[in-house]
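Visitor: I have the structure open and would like to walk through it with you. Could you take my questions one by one?

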Amino acid sequence: MFRLLLTNAFGLLSKLGEFQHSASLHKPDIAIVTETKLTEGKAAPVQLCIPGYGAPVRLDRTAHGGGIAVWVKSSLPYQEVNLDLPDDQELLWITIAMRQGQHLAICAVYRSGSSSDYDTHLFDTLSGHIDSLRPTCSNIILAGDFNVHNQAWLGSNRTSHAGEHAEDFCYLHTLEQHVHGPTRGVNTLDLVMSDVAGAVDTVIHPPLGRSDHVVISVDFELTPRTDTTGERRVWRYQRADWPRLRAFFRNTDWSSVITNNVDECCGLLTNKIQEGMDTFIPWKILRTRTNQPVWWTP
């Protein structure tokens, strides 16, 4: 069984604790968050860490979009795939190694809610990507906030041109849409499409914090290949230079960190603390077996 977790956070930093709890509770093999509202340098990698998962693969916010982040279990061999992408589109592809030498291609998708109902270029881009990946990948999964409306197909309150195009796109590539229920208000905006055969179980969970999008978990009959080792950072607190770390924090201009934006303030504060730790507390990367408890320390 392979589990995917999906949600639109509408600002991840202010809901990070809820998201980490959700990942711990549902234990997905891959977790996808759209509309993270993260920008480069806004959140240190260690701040976004989840025990048992690698550092997130990120497509940070631009003038055109809301940002995407993807977490994959540390035991799963995966690779980010870089394909041609217009500047105004947000698609993040990774492949995960499956058993018998096969690969699963997963695309995290964010289509802005401000996109025109007649803008279907994202689906044209996805079509080209799928055609290029299918010869080397046994299965395709697309998951994200598509922001399309289709009364007959999705149970939406209206039908848009983009919604009709999304349905045609799904049939063209022999994909099935697995989310059958509202994900924001009365509309089904967060979709999971795949060509995976066999039973697929979809469950809708409550939103993260004040996000108005639900959390979705989808179970597929897939068996990924697993590695027996992973990596994690171990801090050597007994060798820390505590006087200089205290002086670093004492001399910091904290007024430059405090802002009226909660997400921005949280990111700046975490980055400043992380800077002090990286400078004055020694650490090392430890290779571990994936069946070791996360609290184990040599």
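Visitor: Which helix holds glutamine 20, and is this residue buried, exposed or partly exposed?
Guide: In this predicted model, glutamine 20 belongs to helix H1. Its relative accessibility is 24%. Buried would need a value under 20%, and exposed a value over 50%, so glutamine 20 comes out as partly exposed.

Visitor: Which backbone oxygen does the side chain of glutamine 20 reach?
Guide: Start with the surroundings: beyond its neighbours within four places in sequence, glutamine 20 is in contact with Gln47, Cys49 and Ile50. The C-alpha atoms of glutamine 20 and isoleucine 50 are 6.3 Å apart, although 30 residues separate them along the chain. The backbone oxygen reached by the glutamine 20 side chain, at 3.1 Å, is that of cysteine 49.

Visitor: Let's move to lysine 15. Is lysine 15 buried or exposed?
Guide: Lysine 15 sits in the loop that links strand S1 (2-8) to helix H1 (16-26). Its relative accessible area is 7%, and the cut-off for burial is under 20%. Lysine 15 is therefore buried.

Visitor: Which residue has its backbone oxygen 3.1 Å from a polar side-chain atom of lysine 15?
Guide: Setting aside residues up to four places away in sequence, lysine 15 touches Ala9, Phe10, Leu208, Arg210 and Ser211. The backbone oxygen lying 3.1 Å from a polar atom of the lysine 15 side chain belongs to phenylalanine 10.

Visitor: And glutamine 177: which backbone nitrogen does its side chain reach?
Guide: Glutamine 177 is part of strand S9 (residues 176-177), and at 6% relative accessibility it counts as buried. Its contacts beyond four places in sequence include Trp153, Leu154 and Cys170, along with Leu191, Val192 and Met193. The side chain of glutamine 177 reaches, at 3.3 Å, the backbone nitrogen of valine 192.

Visitor: How many charged residues line the second largest pocket?
Guide: That pocket has a volume of about 260 Å³. Its lining has 18 residues, with Gly113, Asn147, Arg184, Leu189 and His213 nearest the centre. By class, three are nonpolar and eight polar, and the charged residues number seven.

Visitor: Finally, over which residues does pLDDT stay under 50?
Guide: For the protein, mean pLDDT is 88, and 91% of residues reach 70 or more. One stretch, with seven contacts beyond four places in sequence in the model, stays under 50: residues 291-298.

Note on methods. Residues numbered from 1 in each chain as written. Predicted model: local features only at pLDDT ≥ 70, side-chain atom pairs only at ≥ 80, totals over all residues. Heavy atoms only, no water. 1 Å grid on protein atoms, 1.4 Å probe; cavity = no way out; pocket = protein on both sides within 12 Å on 5 of 7 lines; lining within 4 Å. Points joined across faces, edges and corners; volume = space filled by probe spheres on them. Nonpolar A, V, L, I, M, F, W, Y, C, P; charged D, E, K, R; others polar. pLDDT = per-residue confidence, 0-100. Contact = heavy atoms within 4.5 Å. Helix = DSSP H or I, 4+ residues; strand = E, 2+ residues; numbered from the N terminus. Buried < 20%, exposed > 50% of the residue type's maximum accessible area, 1.4 Å probe, protein only. Polar contact = N/O pair within 3.5 Å; in protein donor to acceptor, adjacent residues only side chain to side chain.
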